[in-house]
Each structure stands twice: as structure tokens, then as C-alpha cells.
Amino acid sequence: MAKPIVLIAEELSPTTVTALGPDFDIRHCDGTDRPALLSAVAHADALLVRSATRVDAQVIDAARRLKAVARAGVGLDNVDVTAATKAGVLVVNAPLSNVVSAAELTCGLLLSTARTIPQADFSLKSGEWDRQKYTGVELSDKTLGVIGLGRIGTLVAQRMSAFGMRILAHDPYATEERALHAGARLVPLDRLLRESDFITVHLPKTPETVGFVGERELSIVKRTVRIVNAARGGIVDEEALAAALKDGRVAGAGLDTFAVEPCTASPLFGLDNVVVTPHLGASTHEAQEKAGTSVAHSVRRALAGELVPDAVNAPGGPVAEEVHPYLALADGLGHVFTELAGRRAATHLEIEVRGEVTRRDVTVLEAAALRGILAELVPTKPSLVNASELAREIGVSVRFSTSSESLDHRNVVAIRGVLPDGKPLIVAGALSARKGTHKLVEIGECDIDLDLTDRMLFLWYSDEPGAIGKAGRILGGAGVNIADMEVARSGGRAMAAMSVDIDVPETVVGSLVSTLDEASAGFVRLMP
């Protein structure tokens, strides 16, 4: 068998290829060369990028085999997550890979703006010895304002505390416990702006955070304040900052990120009290190795069909070990539901999980059930990523519910639906307590106990003597062996659920229906 193709579109750490291992056909292209990227990605099962490659809807559309896009870094500004999700493509990044490197660069910019280190370096190398011109300020006993107390903001606060700085923080989502861990005191934004001698921002870039530190905020800071942005470009309004620096309303600034990148011209570049770097936050050997290794492991899991904890567009986040066995159960129940519905889409669906397993986050089981339900109903291959979106597109209303109580079984996954003709249908399953295998426990109004296997045949008929014998003769004549069977009765009707060894041809299913009174039948194949 041909190996899955992993396309690396930018220069990544050699440890990335090592972490991928020998199981893949690894190819390379220049992600900034658009025609080359579109040509190469058409054959790829996974795409690895950094920040220069633009993975938009056009790229996703060209990559018919693509199962995963991996960004070797933190941000996803260059990946169209919505388009990827709609196509069922998993998107992963390396959220922890550069936190130390970014925090250390921030500390370096704070030191550089305090002591004008780059300016003094350039002056001396130009033949000048001017000690008075580059007199700086101490960090000790000064106040540092940290806007955004996430992983990087916390690391910066902890490190700058060692310089004897007082730390104020503003983050509406941070708890007092997190602030205490960072050695910071949570305060309103305006108080932080008024009292801080140094300010550093550590916010994600969203429509709400663009220009977060703008003209209004710069009008209330100290004239001696120094501002650092090593998070995302545009969070600090660069034009407003340049004006404040020129007017003496801000004493200095350090920037590693810019609103438009690459950035080679800016009103900030001509100011002596500004230190700039070309987005070096993640540019350390350690960060690149961590990022490459992290996404390589994620790609391996994605292409093996496993769940990926770092996926940004998979439902429910990391999946607990106790929940894993129920993924295949929910998927299998979905296949059975659709076959018994005559391959018609239900107008309304309720997916319910009952029992002890609901102590964990079982959100992903909704997507797993929908993946099975939609497999024969939509042209796009459903996945955990896009199943909910595909259900919405075909007009299926879905409700997901959980209950800690389960009367007959320790844990149950149930799918209830209303078909286009108004008829209800229910399919439910559980794990066998003894063998840990998947089993069917309810079909329609019938309680059963039958292992859910790769090939299942369901037969409804008028409950009369000899019906099972007739069905057995038809199946035997077609060479179909019944491995296991459960029969249940309800209101003069009977249902036989069978596990069979080979596929049942449609002609045989038709013979069953035409031979038995008031019969209907359906064959379900769960595995390719």
C-alpha cells in the first residue's frame, strides 16, 4: 500500500521529520509559491506549515485527500479554520511550543527599552562613545502592567518579579488564583494604564482586541511609560503609538509584531526610543523543535484515525480514556439508524448518552453518531470535524443530551429520530460489561442483546410460525451464514437482528421482503 503523503510547505526543524517516522511519504514545496502549493497539496493527506503559507479555502478545495493541516506554532491567522472544518479537515497547532521563547523575548524587549541597549550598541559600533545619551532606568521598584494573563503573560510576570518589579494584571478571564500564581494583582484596565511604568500586552488577535491599546488608552498612561508588544501585531495601534512617542507622551516602546507583516517600513522605525525585531518570538531552536515535534505527533494521530488533543476544530477537546470506546459505538449506531431509516435523513434527531460515562465530557459522541448517520446521506465524507455542519446543511435538527442515570445498562448511547413520514425510530447500544464489545440493546420498540458487528441484517415481518425458517432458507441458498441472531416481538410484529459473515446482496434482501408477510429488511455494513 502507498504511504500517506505528508507535505511540508515551509522549513521546519529536522526533528519534525524524525518525529513523523518512516510511515509516511514526506514531500516538500515552497508554500509561498501559490501554483506549486496548489499542485502539491492535491496529493497530500496532511499539510505542515508555519506562518508564511496561506491555507485558505482555495487550498482546502484543491486538497481532496487532505485530512489534517498542522501549523508548527501558536497562531492560526494564516489558516482558514472555517473552510477546513466544513471540508472535514482537522486543524492542529502547537499551543505550548513557543511560550517560553516568547516570554523571554518580551523580557528582553523590556530590558532593551529600559536601558536602550540596541541604540547604544549601534552607536558604539559606529565609532561613538556617548554614555550620557544612553542613560536608562532601573526595573527594580517599578510597576509592570501585564495585559492578558495567559501562559505567556504569566511567565513574563513571574520572570520580571525577580527584577523587583510590582506586577499589575488586567484579564477579565483570569482568576485570583492564576494572578496569585503569577505574582500579580488583578486591576481594571484604566488603573493598570495609569499606574504602570512598563506595559506589555499578551492577548490573542481577534476583532475585539485589534487596537486594544489605542489613542484613548495612550492618553491616560504616564509620560515615562514604556510599552512592549510581542503578542500580535495591531493589538497596539501603531500610528497612535508613534504619535504618542513623538509627542513625548510615551517614553519608549519595544515591538516584535506588526499589523502588516512582513513590515519593512513604519513610522516607528525612525524613532530613537523604539526597539523593533522582525517577529522573533518563536525564533529559537528550542521552540522550533518543540513545535515541529508536537505537530508531527498530531499528524501521526490524525492520519491513524485517532483523536488529536491539540485540534482546534474538533468537538469537546481532549477525550477521556473512558469515552474512547464509545466513539466507535456511536458511529456504528449511526450507520444502523440510517439504514433502518431507508437511507433517508431524519427531520429531527436526539442523541443521548446515559450513565456513569457522562461524568466526563462526552460532547464528541454527538459528532461520532452524526458521522455514522451521515455516511450514506451526504457527498462529502463526514468526520468528527464537519459532521455537525453537514447535518445543518441538509436541514437536520440535532439535540444532544446527557443523563447520569441509566436503568438497564451501565452506559448507553441512544439515537432517536423522526423520519420524513413522521414515524419515530430509535437505535441504542452499550458496551458489554463482560467482553467490552459493542452491542445493540434497542431497535425501535424492541429490546435486544446482540453484538454490533461489521455486517448486520435486520428483518421485520408478521409474527407467524415458520417465518424464521423461510428467511434461513433464503439466506442459506445465497451462501449467507448467520453468526448470531436475536428475535424480539412487539404488537403482532417480530424483528430478527442478525450478525452475518458476508455481505447480503440487495437481491437477497428483496427476496426476504417479498417472501415474508408484511416484511421489510435492511443490511448494514459498518466496515469498508
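Is Thr 116 buried or exposed? With a relative accessibility of 18%, Thr 116 counts as buried, where buried means under 20% relative accessible area, exposed over 50% and partly exposed in between, for a 1.4 Å probe and protein chains only. This is a predicted model, in which local features need pLDDT of at least 70 and side-chain atom pairs count only at pLDDT 80 or more, while totals for chains, interfaces and linings use all residues. Residues are numbered from 1 along each chain as its sequence is written, and side-chain values use heavy atoms, with hydrogens and water left out.

**Backbone geometry**
- Thr 116, which is not a glycine, has a positive phi near 45°, and it lies in the loop between α5 (99-115) and α6 (117-125), helices being DSSP runs of H or I with at least four residues and strands runs of E with at least two, numbered from the N terminus.
- Asp 141 likewise has a positive phi, of about 70°, without being a glycine; this residue sits in the loop between α6 and β6 (143-147) and, at 69% relative accessibility, counts as exposed.
- The peptide bond from Glu 261 to Pro 262 is cis, with omega near 0°, and Pro 262 is found in the loop between β11 (252-255) and β12 (274-276).

**Helix packing**
- The axes of α13 (residues 324-340) and α14 (residues 364-374) come within 6 Å and cross at roughly 35°, the axes being lines fitted to C-alpha atoms over the stretch in contact, with angles from 0 to 180 degrees between N-to-C directions.
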